[in-house]
Structures are given as structure tokens and as C-alpha cells.
Amino acid sequence: RTPLHAVVAVVDGLKRSAIVRRHHRSSLRTLSDSADALLALVNKLLDMARADEQLLAVARASTRVHSVVRRACNTVDAAYAHAVVTRSVAPSVPRRVRSDAVRLNQVLTNLVANT
């Protein structure tokens with residue numbers, strides 16, 4: 001995981017940098033979200049190993065649904081150049097839910113990528 005943590009740290013530093021041009025900020029945000037998703041995937045693999053040992057914990061925290069949907073769509077949009085990704089969240093969906101944001105993001109990313 002250390003190389004992924006390094007990528008996340010460098011991207012975060014670039015996002016805060018004054019020398020990065022405005023039109024690159026969106027790309028940095030997508031790169032950051034993708035690095036976070038990759039780190040979450042690695043953690044998921046570790047979780048699967050823990051689940052075999054019955055040590056898996058599911059986080060339950062206040063999660064902003066629109067943010068998770070945005071990150072999942074941006075990840076798929078960046079990963080598949082041919083994809084046209086549009087996002088829409090029904091008005092009936094609450095702004096926040098108690099969930100595991102990492103696992104929710106993984107599910108949404110897989111659903112969008114496999115559509």
C-alpha cells in the first residue's frame with residue numbers, strides 16, 4: 001500500500017499547489033479519486049483475507065450519496081475514454097445515509113463500469 005499512499009500524497013500536494021492551472025484541477029481530482037479507489041480495492045483484498053478469518057468490519061458513517069456517485073462516475077469516465085458517463089440521483093434519495101462509503105463507491109463504480 002505504500003506506493004499508493006505516495007501517489008495519493010503527491011496528488012493531494014498538487015491539488016493544493018498554486019502552480020497547477022485551473023483546467024488541470026479537474027484531472028487532478030479524478031486522479032485523486034481513482035487513486036483512492038485503487039487503494040480501497042487493495043484494502044478490499046486485505047479485507048477479504050480478514051473475512052476468511054472472520055475479522056471483517058463494516059464501517060457505518062454518515063455518507064454523502066452525491067459525492068460517492070460523483071466519484072464513481074468520474075473514475076469510470078477517466079478509466080474508459082470511450083465511455084459517456086452522465087449521473088443523476090433521484091430527488092427521493094437522501095443527501096446523507098449511514099453506510100460504508102468505500103464499499104458503496106466500489107459497488108457503484110462496478111455498476112457504472114459494467115453498464
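In what order do the elements of the protein run from the N terminus on? They run α-α-β-α-β-α. The model is predicted. It holds four helices and two strands.

**Overall picture**

The C-alpha trace spans about 45 × 40 × 30 Å along its principal axes. The protein has 115 residues, and buried ones make up 25% of them.

Contacts reach across the sequence. Take those in the protein with a separation of 6 or more: residues 24 or more positions apart account for 71% of them.

Charge comes next. The protein carries 18 positive side chains and 8 negative ones. The centres of the two sets lie 11 Å apart.

**How helix α2 meets its partners**

Helix α2 covers residues 22-52. Two helix pairs involving α2 are set out below.

| Helix pair | Partner residues | Axis distance | Angle |
|---|---|---|---|
| α2 and α3 | α3: residues 65-79 | within 9 Å | roughly 100° |
| α2 and α4 | α4: residues 101-113 | 10 Å | about 105° |

Start with α3. The axes of α2 and α3 cross at roughly 100°. An angle of 65 to 115 degrees counts as roughly perpendicular, so α2 is roughly perpendicular to α3. On the α2 side, the contact is made by Arg29, Thr30, Asp33 and Ser34. On the α3 side, Arg70, Arg71, Asn74, Thr75 and Ala78 take part.

Now α4. Helix α2 packs against α4 at an angle of about 105°. That makes this pair, α2 and α4, roughly perpendicular too. Here α2 contributes Ala37, Ala40, Leu41, Lys44 and Asp47 to the contact. Helix α4 contributes Val102, Arg103, Asn105 and Gln106.

**A closer look at Ser27**

Where is Ser27 placed? Ser27 sits in helix α2.

**In short**

The protein runs α-α-β-α-β-α. Helix α2 is roughly perpendicular to α3 and roughly perpendicular to α4.

Key: Residues numbered from 1 in each chain as written. Predicted model: local features only at pLDDT ≥ 70, side-chain atom pairs only at ≥ 80, totals over all residues. Heavy atoms only, no water. Buried < 20%, exposed > 50% of the residue type's maximum accessible area, 1.4 Å probe, protein only. Contact = heavy atoms within 4.5 Å. Lys, Arg positive; Asp, Glu negative; His and termini not counted. Charge placed at Lys NZ, Arg CZ, Asp CG, Glu CD. Axes fitted to C-alpha atoms, helices over the stretch in contact; angles between N-to-C directions. Parallel < 35°, antiparallel > 145°, perpendicular 65-115°, else oblique.
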